Amino acid sequence: MATARRVVPFAELGRQDVGRVGGKSASLGEMTAHLATAGVRVPPGFATTADAYRDLLDGHGLRARIAAQIGRLHEGAVLDEVGVAIRSMIMAEELPTGLGSEIVTAYERLACDQGREDPEVAVRSSATAEDLPEASFAGQQETYLNVRRPAQLLQACHRCYASLFTDRAIDYRERMGFDHLSVALSVGVQIMVRSDLAGAGVIFTLDPESGFPAVIVVSAAWGLGETVVSGQVDPDEHTVFKPSLKDPALDAVIDVRVGAKRKKAVYGEHGLTRTVDTTGEERSRTVLTAAEVRQLAEWAMTVEEHYGCPMDLEWAKDGLTGELAIVQARPETVQSRRRTTTLRRCRLTVSPGESLIEGIAVGEAIGSGPVVVLDSPVDLDRFPTGGVLVTGITDPDWEPVMKRASAIVTDHGGRTSHAAIVSRELGVPAVVGTGRATELLCTGHEATVSCAEGARGQVYAGLLAYEERETDLAELPATRTRVMLNLADPSAAFRWWRLPADGVGLARLEFIVAHQVKAHPMALLHPDRVDQHDRCAIEQLTEGCLDRGQYFVDRLAYGVARIAASRWPDPVVVRTSDFKTNEYARLLGGRAFEPVEANPMIGWRGASRYYSDAYREGFALECRALRRVRDDFGLTNVIIMIPFCRTLEEADRVLAVMAEQGLRRGENSLKVYVMAEIPSNIILAEDFAERFDGFSIGSNDLTQLTLGVDRDSEALAHVFDETNPAVTRSIQTLVPRAQSVGCTVGLCGQRPSDDPAFTEFLVKTGIDSISVAPDSFAAVKQHVAAAELSLHGEDRTAHSGLDRPKRA
């Protein structure tokens with residue numbers, strides 16, 4: 001009877017072989033055998049089998065000795081003592097007879113196929129309980145890079161076997177309920193990609209933070225990929241929109257964020273690896289070109305479609321050949337396990353004050369407790385359950401501590417760092433990449449870590465009160481009236497994708513300009529007209545951008561695109577900038593371009609700016625950004641809305657300026673709406689309807705201008721009332737007059753969220769849509785359904801107005 005082979009090439013393996021060679025090696029074999037024809041490049045290699053590992057355990061009673069140590073753990077022995085004992089026993093045991101020569105023979109055959117002597121290889125542990133949909137085991141065992149020559153290879157393989165019993169691996173199996181001796185280990189040996197001379201990173205085929213499935217997120221850093229996974233660097237991040245990726249004529253990269261990338265891992269002088277600082281030039285530019293991002297995203301989508309589930313991949317670029325490759329692939333195990341019909345949200349119930357430090361928010365929860373600042377993992381009894389772990393970076397050795405933490409804060413790392421990945425799996429809020437948390441936070445002080453306020457996580461002093469809410473989205477009723485969202489922060493848009501909203505009724509450009517562009521558009525175009533201080537600040541802000549107008553266009557386009565992608569293909573109404581002059585003046589460089597007005601609220605704002613010589617160039621940048629979103633990214637669900645349009649003549653002039661910039665109403669399914677916030681918009685409803693496709697009622701401004709009340713005046717607060725008959729009759733007048741000539745009418749404002757009676761009033765007018773803040777959506781949806789039930793009976797399913805746009 002022939003002896004089963006203990007070393008098998010990747011090309012002969014597939015995902016059915018997880019029990020034979022573990023998840024990592026089986027996946028590499030699956031891609032090698034089945035996806036090469038689709039162009040997915042995987043470096044060649046081979047794997048030892050689980051039988052080889054079992055042969056090792058069967059020698060000299062090793063299995064029984066390991067079982068005895070696990071028994072000690074269950075009786076109360078310290079984890080790290082048990083781990084050291086087991087690893088020492090495995091390293092002291094010789095490799096099974098003949099296994100070493102089989103590994104060396106496979107290595108020599110690989111070298112021959114590559115036409116190289118002693119090629120560098122990556123030696124990766126691959127456990128048989130690894131990379132399963134229900135448990136990832138990612139990072140639990142060791143990987144060794146830049147391994148050369150047979151002796152070094154055999155030593156690395158032996159160390160991989162021992163790493164099945166690292167402290168974090170033992171702890172993880174205990175937590176997940178896996179029998180330690182039922183799990184076997186394969187060693188995957190793969191030709192190294194010379195990413196030490198280029199770059200590497202991670203790909204998720206969904207948004208790793210929110211689980212939004214319509215994007216692929218590609219992170220990248222210089223050098224070997226271990227710095228990205230370990231969280232030593234803040235990588236570049238590229239967001240790719242899957243529907244646009246299917247059309248080669250479209251630019252599918254809808255967001256690019258340049259990371260700091262201060263370090264990189266490269267080959268060591270005497271083998272293995274070392275970490276060095278990156279250059280200023282490397283830090284300022286992206287690792288990947290747009291074409292390379294698209295190539296990786298296309299491969300990732302191919303892998304996801306082949307496996308039939310969201311995937312977590314690692315990639316590398318060879319600095320000698322320029323070729324890209326996928327070096328690992330595993331099912332994504334956090335977001336894909338969440339119930340998509342349940343929305344869990346946390347919110348602070350007190351005013352938090354100024355944050356102590358901020359960083360990238362991981363998860364959407366809140367945690368609090370005493371701060372514990374550590375520079376290395378410690379015994380569990382030295383870290384209190386419920387403490388806030390603060391450290392520079394984490395690696396798998398930290399996991400026993402991390403699972404006891406109420407929250408985690410790190411100096412370094414991005415959304416694909418070890419700290420981020422593990423905290424998601426544990427359901428623990430984390431704020432990563434803060435820069436100086438270990439310096440600014442003090443052990444023993446109490447702190448609250450909030451990841452519930454958008455993409456930026458905050459750390460506040462003290463134990464702040466907060467609440468958790470769960471909404472079963474499957475129980476929300478259908479409504480005839482469309483209930484939409486008001487969104488401003490692009491970085492938080494994906495977290496609301498599960499809400500069954502009918503689109504976005506109001507996306508404000510002002511938030512994107514203020515928080516992502518940060519500079520006045522005219523100051524970017526004419527820096528010579530601002531003072532020296534602002535000019536230096538603009539140069540620093542736009543460092544590396546030769547065209548500062550393009551800087552504005554890129555950031556605005558990326559922000560709008562994230563919001564539009566989050567609701568595709570439902571309509572997303574984007575309002576062009578509606579800063580008042582005093583608000584514009586607060587932007588970097590803005591004072592040189594803004595007049596001082598006695599009453600900016602009814603001054604030079606909205607439509608009146610767009611055709612004026614003093615701002616026409618700035619509006620042209622807005623138009624370029626919106627055109628890029630619709631025409632280049634393919635997000636034709638974007639509807640443009642003009643605010644504060646006082647007269648019909650203004651409407652004509654603004655539409656003419658937009659047409660000059662390639663945004664012509666009706667072309668490429670473009671719809672243009674107008675805000676209904678001035679009495680003239682109501683009085684001349686039919687005339688405005690000839691020029692626009694829809695109206696959106698801005699109830700705050702409409703109330704202010706109808707009643708002649710400054711909405712910010714404390715002395716007149718008792719007069720400001722959106723339910724005043726003068727206001728409600730204006731709404732009752734507009735809705736049927738606009739609808740009679742084919743225009744839709746919506747309302748965006750806070751009042752429906754606060755006042756169910758006002759919601760009922762809107763439903764009775766026959767309004768097409770109501771747009772509210774995301775955290776009010778469920779309540780307003782229920783109020784709308786109740787009003788419709790009272791008005792229409794059981795038939796609440798026929799939507800009116802606001803058709804979904806067709807893809808160009």
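1. Strands β12 (residues 311-317) and β13 run antiparallel and are joined by seven bridges. The model described here is a predicted one.

2. Six residues lie between the two strands in the hairpin of β12 and β13, and G322 in this hairpin takes a positive phi near 80°.

3. Strand β13 covers residues 324-331, and eight of its eight residues are buried; the strand is therefore largely enclosed by the rest of the structure.

4. Helix α7 spans residues 167-176 and is also largely enclosed by the rest of the structure, because seven of its ten residues are buried. The buried residues are D167, R168, A169, I170, D171, Y172 and R173. The elements that cover them include α3 (62-74), α4 (79-92), α12 (399-402) and α13 (418-426).

5. Just after helix α7, the backbone at G177 takes a positive phi of about 80°.

6. The relative accessibility of T239 is 2%; buried means under 20%, so T239 counts as buried.

7. Which residues does T239 touch, not counting those up to four places away in sequence? The contacts of T239 on that basis are V215, I216, A252, V253, I254, D255, F494 and R562.

Conventions:
Residues numbered from 1 in each chain as written. Predicted model: local features only at pLDDT ≥ 70, side-chain atom pairs only at ≥ 80, totals over all residues. Heavy atoms only, no water. Buried < 20%, exposed > 50% of the residue type's maximum accessible area, 1.4 Å probe, protein only. Helix = DSSP H or I, 4+ residues; strand = E, 2+ residues; numbered from the N terminus. Contact = heavy atoms within 4.5 Å. Pairing = 2+ DSSP bridges.
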